[in-house]
Amino acid sequence: MWRAFIPELVCVVVAVACLVLVWCPSAAALAGSCEMVRIPLCHPMPWNMTKMPNHLHHSTQANAVLAIEQYEALLDTGCSPDLLFFLCAMYAPICTISFQRDPIKPCKSVCERAKSGCEPVLKKYNHTWPESLACDELPVYDRAVCISPEAIVKVDPSDRCKCKSVKLGQKTYTKNNYNYVIRARVKEIKTRSHDLSAVVEVKDVLKSSLVHIPRDTVTLHYSSGCLCPPLTPNEEYIIMGYENEERSRLLLIEGSIAQKWKDRVGRKVKRWDQALSKGRKRENDRLIRP
């Protein structure tokens, strides 16, 4: 993998310069400020030098390891391809000669992509996105210095955006517990500041639980820079996804489904949803009984 920052090479160049010039404060500063990344989860990152304390005020990497490990289960869900990068940029921030005093922060857009993909998963288990990882105070791309996967890593889109196939069936529908199901025609795919969204014309609302969905043009927000599930303009789909009630957003995240519309599929989904509702009602009645 190509790396934009190569600390080992920098150290070699600085060391050679010191031999010639005798005095070289930047080399001493680098040795005293930057340290090798020793957080196992962050070894795949495109940098291997960090600095403590990190952005979350952990004084040592040993403390940071214990803190970041609490997100392993969330990482295993695959809720966002940007989550690991974002966490490592916070817990093991990149350290270079130019940015020793203030380690570089991740871009706000990276945080928002990770949050939009993973917060619905957290909410399923009655958790919320941690305040310590709030996106609001992070730098905005093109306005300040920050890092993102797009900025420091040359990624082959075909490698980064391999969509997992989700087979539509009653078992999947029940397990994934979608917030919304709509029939819609795709009007446009939009990309802005590394954020991806689909503008669709809603033909029918088969299910909606948190956000009001009008039979009008609405925007579906992807959780990453990948078009997963894939959508094609001017095609009509049945789309199943999740909602962000706080921001009144319709989301397409890991596990979301988009299939070409067929009347029989729409009828099946209505039957599945009715069965799901009846099952919940029976369960509630059982719990209420003395």
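A disulfide is a pair of cysteine sulfur atoms within 2.5 Å. This model is predicted, and the structure holds five disulfides. Three of them are followed here.

Start with cysteine 111 and cysteine 135. Their sulfur atoms lie 2.0 Å apart, and the two residues form a disulfide. The torsion about this S-S bond is about -75 degrees, so the link is left-handed. Cysteine 111 sits in helix 6, while cysteine 135 sits in the loop between helix 6 and helix 7 (149-152). The pair therefore ties together parts that are 24 residues apart in sequence. Cysteine 111 and cysteine 135 are buried.

Helix 6 (residues 108-124) also holds cysteine 118. A disulfide joins cysteine 118 to cysteine 79, with an S to S distance of 1.9 Å. Here the torsion about the S-S bond is about 85 degrees, so this disulfide is right-handed. Cysteine 79 lies in the loop between helix 4 (72-76) and helix 5, so the bond ties together parts that are 39 residues apart in sequence. Are these two cysteines buried or exposed? Buried means under 20% relative accessible area. Cysteine 79 has 3% relative accessibility, so it counts as buried. Cysteine 118 has a relative accessible area of 0%, so it is buried as well.

Now turn to helix 5 (residues 83-91), which contains cysteine 88. A disulfide joins cysteine 88 to cysteine 42, S to S 2.1 Å. Cysteine 42 lies in the loop between strand 1 (35-36) and strand 2 (49-50). This pair links distant parts of the chain, 46 residues apart. With -95 degrees about the S-S bond, the link is left-handed. Both cysteine 42 and cysteine 88 are buried.

Key: Residues are numbered from 1 along each chain as its sequence is written. This is a predicted model: local features need pLDDT of at least 70, side-chain atom pairs count only at pLDDT 80 or more; totals for chains, interfaces and linings use all residues. Side-chain values use heavy atoms; hydrogens and water are left out. Helices (H or I, at least four residues) and strands (E, at least two) are DSSP runs, numbered from the N terminus. Buried means under 20% relative accessible area, exposed over 50%, partly exposed in between (1.4 Å probe, protein chains only).
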